[in-house]
Amino acid sequence: NDAAGPSCRRDVRRESCSDVDANPWSSSVDYDTGDVVRIGAKRFKCREWPNKLWCSKEAYQPTLENSNIWDMAWSEDGTCI
């Protein structure tokens with residue numbers, strides 16, 4: 001028993017990627033469900049049908065901004081370290 005009181009434990013999950021695994025978004029790629037891109041250190045995954053139809057559209061490219069329409073086509077998929 002710890003005399004200072006109960007202890008806390010925090011689980012930290014780290015995900016890593018390389019440029020090969022997560023390339024920057026490009027308008028010349030025809031993205032499909034599960035494809036992963038990166039913006040800076042953030043990873044994004046193309047959603048399932050029918051939302052995947054928007055993944056290749058420039059208006060839906062992922063950004064680092066929270067208030068955008070990109071999340072209709074993409075979901076956050078971790079951080080590159």
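Modeller: What follows is a set of questions about labels and their cut-offs. This is a predicted model, where local features need pLDDT of at least 70, side-chain atom pairs count only at pLDDT 80 or more, and totals for chains, interfaces and linings use all residues. Residues are numbered from 1 along each chain as its sequence is written, and side-chain values use heavy atoms, with hydrogens and water left out.

Biologist: What makes C46 and C55 a disulfide?

Modeller: A disulfide is a pair of cysteine sulfur atoms within 2.5 Å. The S to S distance between C46 and C55 is 2.1 Å, so the pair meets that definition. A search of the whole structure finds 1 disulfide.

Biologist: Why is this disulfide called right-handed?

Modeller: The torsion about the S-S bond of C46 and C55 is about 100°, so the label is right-handed.

Biologist: How do you know whether D77 is buried or exposed?

Modeller: Buried means under 20% relative accessible area, exposed over 50%, and partly exposed in between (1.4 Å probe, protein chains only). D77 has a relative accessible area of 17%, so D77 is buried. K57, at 48%, is partly exposed.

Biologist: Why is the contact between D32 and K52 called a salt bridge?

Modeller: A salt bridge is a side-chain nitrogen of Lys or Arg within 4 Å of a carboxyl oxygen of Asp or Glu. The N to O distance for D32 and K52 is 2.8 Å, so the pair qualifies.

Biologist: How many salt bridges does this rule give?

Modeller: The count comes to 4. Among them are K42 with E76 at 3.0 Å and K45 with D77 at 3.9 Å.
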